Amino acid sequence: MLRRGLSLTLFAVFVLATSAVGQEGSGVGLRVVPGVGYASASFGDNSPRSSSGFAFALGGMALFPVSSSTDITIEATWRPTKLDNPHFDESYTSVYLMAGVEFGGSVYFRPALGVDLQHFSGAFAADDGAAPAIALAVGTEKPIGAGPWHLAPEGSARFSVTSGLSSFVLLFSVGVGWRG
């Protein structure tokens, strides 16, 4: 299920990116977004225990302008760093698929909703699953020279909850992007 969801997402991002590149001058944007930070998860319903640590993430984003200061966003963020279940031999990684609205000019604010596609591994691994997710990001978009390229450093937080597992990820990212 995770691979199918990831494949569909990558296909959708490819289709959107291909159409965005053809719309020169429209303000449509793409970003590659690597990030580092902190991740935490609470495992178990009856006696929850937490696990936390360093997080690395790699994401991609498409931005579609609806006004001079507002974009609709679609993003995928992969967190390959594992969080271990302290109850038994199981760990999990995530792919967040989010849609949101980015408000602002040189400083932006982006709330987003989506899904956390969870992949489990280990001797007692649960079946892969999905959980509802919410995210919030604050950052700035700075042009690189006079061309269409920009840098977008931002801080973001993602939170998801499902039966037996809740997770929180706090990231600092520096997006590198292009706007038509």
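This note goes through the fold, the strand pairing, the core and the surface of the structure above.

1. **Basis.** The model is predicted: local features need pLDDT of at least 70, side-chain atom pairs count only at pLDDT 80 or more, and totals for chains, interfaces and linings use all residues. Residues are numbered from 1 along each chain as its sequence is written, and side-chain values use heavy atoms, with hydrogens and water left out.

2. **Overall make-up.** The protein chain has 1 helix and 9 strands. Helices (H or I, at least four residues) and strands (E, at least two) are DSSP runs, numbered from the N terminus. The order from the N terminus is α-β-β-β-β-β-β-β-β-β. Of the 180 residues, 41% count as buried (under 20% relative accessible area; exposed is over 50%, partly exposed in between; 1.4 Å probe, protein chains only).

3. **Contact range.** Take contacts (heavy atoms within 4.5 Å) between residues at least 6 apart in sequence. Of these, 56% join residues at least 24 apart.

4. **β3 to β4.** Strands pair if DSSP finds at least two bridges between them. β3 (residues 70–84) and β4 run antiparallel, joined by 12 bridges. A76 has L97 of β4 as its bridge partner. The two strands form a hairpin with 6 residues between them.

5. **β4 to β5.** This pair is also antiparallel and has 12 bridges. A99 stands opposite L113 in β5, and G100 has A112 as its bridge partner.

6. **β5 to β6.** Here too the pairing is antiparallel, over 12 bridges. D116 faces A131 of β6.

7. **Burial of β4.** Of the 14 residues of β4, 10 are buried, so this strand is largely enclosed by the rest of the structure.

8. **Main core.** The largest nonpolar core has 16 residues. Such a core is a set of buried Ala, Val, Leu, Ile, Met, Phe, Trp, Tyr and Cys residues joined through side-chain atoms within 4.5 Å. A41, Y92, M98 and L165 touch the most other members. Two or more residues come from each of β1 (29–43), β2 (49–67), β4 (91–104), β5 (107–121), β6 (129–140) and β9 (165–179).

9. **L165.** Which residues does L165 contact, leaving aside its neighbours within four places in sequence? They are A41, S42, F43, Y92, Q118, F120 and S160.

10. **Nonpolar surface patch.** Y38, L113, I134, F159, V161, F168 and L170 make up a nonpolar patch on the surface, with about 630 Å² of accessible area together. Patches are made of residues with over 30% relative accessible area and no salt bridge; like charges are joined within 9 Å, nonpolar side chains (Val, Leu, Ile, Met, Phe, Trp, Tyr) within 5 Å. A salt bridge is a side-chain nitrogen of Lys or Arg within 4 Å of a carboxyl oxygen of Asp or Glu. β8 (149–162) and β9 each give two or more residues to the patch. L170 lies in β9 and, at 43% relative accessibility, counts as partly exposed.

11. **G122.** G122 sits in the loop between β5 and β6. Its relative accessibility is 44%, so G122 counts as partly exposed. Beyond its neighbours within four places in sequence, G122 contacts D89 and E90. G122 and D89 are 33 residues apart in sequence but 5.4 Å apart in space, C-alpha to C-alpha.

12. **Total surface.** The accessible surface of the protein chain is about 9,000 Å², with 68% belonging to carbon and sulfur atoms. Areas come from the Shrake-Rupley method with a 1.4 Å probe; for residues, only the protein chains shown count as cover.
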